[in-house]
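User: Hi! I'm new to protein structures and would like to learn how to read one. Can we go through it feature by feature?

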Amino acid sequence: MNGASGRMGYRQHLLRSILAIREQGGVLLADGSRVQVEPILVGRSEAKLKELADKHDIEHYTTDLDAALADNRWQIYADFLVTKARVPAIKKAIAAGKAIYTEKPTAESYEEALELARLAKEAGIKNGVVHDKLYLPGFRKLRRLIDSGFFGQILSVRGEFGYWVFEGDWQPAQRPSWNYRSEDGGGIIVDMFPHWNYVLENLFGRVESVYAQATTHIPLRVDEAGTTYRATADDAAYGIFELEGGIVAQLNSSWTVRVNRDELVEFQVDGTHGSAVVGLFGCKIQPRNATPKPTWNPDIPDGHDYAADWIEVPENDVFENGFKTQWEEFIRHVVDDGPNRFDFLAGARGVLLAEKGLASSESGCRVELPVVSIG
Ligand SMILES: NC(=O)c1ccc[n+]([C@@H]2O[C@H](COP(=O)([O-])OP(=O)(O)OC[C@H]3O[C@@H](n4cnc5c(N)ncnc54)[C@H](O)[C@@H]3O)[C@@H](O)[C@H]2O)c1
């Protein structure tokens with residue numbers, strides 16, 4: 001687990017996924033048996049790794065990635081490094097013949113992301129990329145609505161993602177400072193468009209074109225050491241995505257917006273037969289037959305409670321942490337040859353959308369996306 005001490009590496013991948021899997025006795029396989037996990041923490045600071053290992057009763061840790069990759073005991077290389085450091089590390093893991101599971105984005109450029117997909121295919125190694133948003137309870141309920149035909153024909157999707165990330169001066173920022181420096185792999189398009197790509201293509205259809213406007217609203221921020229730095233990366237992106245089948249998606253992604261919604265991410269889907277609003281957890285619907293009849297009248301204050309017209313969709317299931325569920329799927333893929341839904345090529349499509357989004361912002365034009373293949 002390379003980068004296990006980072007924000008994602010520690011909380012979502014180590015704590016909520018691998019240690020939770022270890023605690024439950026491993027991953028359930030098709031024949032009813034279980035395969036247990038044994039992590040080795042990899043990083044640059046021995047002291048940090050030791051602290052984590054001691055705290056969580058983990059036997060193995062090392063600062064020597066090459067040695068860990070050369071050791072046959074370790075079957076899966078997992079990467080949670082800063083994006084900038086990912087490609088060289090993954091290339092080493094491919095050369096070592098490991099199965100690989102990685103955070104997104106898989107690379108900083110589409111060319112490199114595609115190269116990783118090609119190298120992995122040529123090496124015949126199993127590979128997977130985090131697609132966590134699809135495993136959120138709200139989005140899983142949305143999947144069910146789509147599968148049940150609830151929407152009729154889906155017309156449009158409107159999404160709001162974001163919250164205020166403090167500038168770091170009088171309150172520490174809640175995200176690492178590299179996110180705000182493009183030279184260090186930062187930027188909200190690079191961060192969020194890979195998510196939007198897999199959300200859109202898996203729920204609604206392939207993204208055929210993008211128009212985006214990226215902005216750096218807050219030009220100066222203060223880093224972890226208290227030093228003021230220039231924010232060179234976009235901290236908000238306003239995008240329009242045309243999807244296969246004519247669906248239009250508008251998604252705002254922002255670290256410079258104050259939240260006035262139920263959840264930090266919210267998508268509204270409107271279809272001919274009904275609409276839904278989903279968040280991380282919640283999902284509410286309004287069927288065609290229960291749609292109120294608003295009339296526009298600027299002279300009379302509207303007393304109608306529009307929020308009350310929506311019906312909450314019940315859980316009807318136990319939704320575990322999405323990172324853990326996807327880890328279990330990937331481990332089944334590695335040891336049991338179970339299906340692998342989200343590979344490096346899916347990761348490359350996400351990086352392509354980010355790259356085209358930035359190109360669109362630069363040119364001010366709508367940019368079409370080619371169909372991606374390894375060639
Ligand atoms: N799936 C999601 O929802 C999600 C959310 C946030 C971040 N991410 C992705 O996860 C990755 C890590 O993000 P984070 O927020 O945890 O960052 P972080 O800065 O908290 O952690 C990054 C890790 O990389 C290590 N690192 C930094 N520079 C390095 C270098 N030059 N060489 C080797 N290691 C280095 C750090 O020590 C740390 O362990 C990023 O690629 C980011 O895009 C994904």
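**Reading one residue at a time**

Analyst: Let's start with Ala-354, which sits in helix H9 (residues 344-363). Keep in mind that this is a predicted model.

User: How do I read burial? Is Ala-354 buried or exposed?

Analyst: The idea is to count neighbours: a residue is buried if 20 or more other C-beta atoms lie within 10 Å of its own, and exposed if 12 or fewer do. Ala-354 has 29 C-beta neighbours inside 10 Å, so it counts as buried.

User: Which residues does Ala-354 touch?

Analyst: Leaving out residues up to four places away in sequence, Ala-354 touches Pro-105, Ile-189, Val-190, Phe-193 and Pro-194.

User: What about Thr-106? Where does Thr-106 lie, and is Thr-106 buried or exposed?

Analyst: Thr-106 is in the loop between E6 and H5 too. Thr-106 counts as buried because 32 C-beta neighbours lie inside 10 Å. Not counting residues up to four places away in sequence, Thr-106 touches Arg-86, Ala-113, Leu-116, Val-129, Phe-344, Gly-347, Ala-348 and Val-351. Take Val-129 from that list: Thr-106 and Val-129 are 23 residues apart along the chain, and their C-alpha atoms are separated by 7.5 Å.

User: Now a helix, please. How do I find its sides?

Analyst: An α-helix has 3.6 residues a turn, so residues three or four places apart point the same way. Now try that on helix H4 (residues 86-95), where Arg-86, Ile-90, Ala-93 and Ile-94 are buried. These residues cover an arc of only 100° around the axis, which puts them on the same side of H4.

User: Which exposed residues are on the face of H4 turned away from its buried side?

Analyst: That face carries Pro-88 and Ala-95, both exposed.

User: And what covers the buried residues of H4?

Analyst: The cover includes helix H3 (65-70), strand E5 (76-79), strand E6 (99-102) and helix H5 (110-123).

User: What should I look for just past a helix?

Analyst: Check the backbone angle phi. After H4 comes Gly-97, with a positive phi near 75°.

User: Which residues other than glycine have a positive phi?

Analyst: Two examples here are Asn-316 and Asp-337. Asn-316 has a phi of about 55° and lies in the loop between strand E17 (311-312) and helix H8 (322-336). With 8 other C-beta atoms within 10 Å, Asn-316 is exposed. Asp-337, with phi near 60°, lies in the loop between H8 and H9. Asp-337 counts as exposed too, because it has 10 C-beta neighbours inside 10 Å.

User: Let's zoom out. How is the protein divided into domains?

Analyst: The domain assignment gives domain 1 (7-131 + 323-344) and domain 2 (133-319 + 352-361). Their centres, taken over C-alpha atoms, are 28 Å apart. As for contacts, 13 residues of domain 1 meet 13 residues of domain 2. On the domain 1 side, the touching residues divide into four nonpolar, five polar and four charged.

User: Which domain does UniProt place at residues 41-126?

Analyst: The unreviewed UniProt entry has "domain: Gfo/Idh/MocA-like oxidoreductase N-terminal" there. That span is 47% helix and 15% strand, and its end C-alpha atoms lie 21 Å apart. UniProt also places "domain: GFO/IDH/MocA-like oxidoreductase" at residues 139-276, again in an unreviewed entry. Residues 139-276 are 19% helix and 36% strand, with end C-alpha atoms 11 Å apart.

Technical notes:
Residues numbered from 1 in each chain as written. Predicted model: local features only at pLDDT ≥ 70, side-chain atom pairs only at ≥ 80, totals over all residues. UniProt positions renumbered as here; feature names shortened; annotations may be inferred. Helix = DSSP H or I, 4+ residues; strand = E, 2+ residues; numbered from the N terminus. Domains from an automatic or database assignment. Contact = placed C-beta atoms within 7 Å. Nonpolar A, V, L, I, M, F, W, Y, C, P; charged D, E, K, R; others polar. Arc of directions from axis to C-beta.
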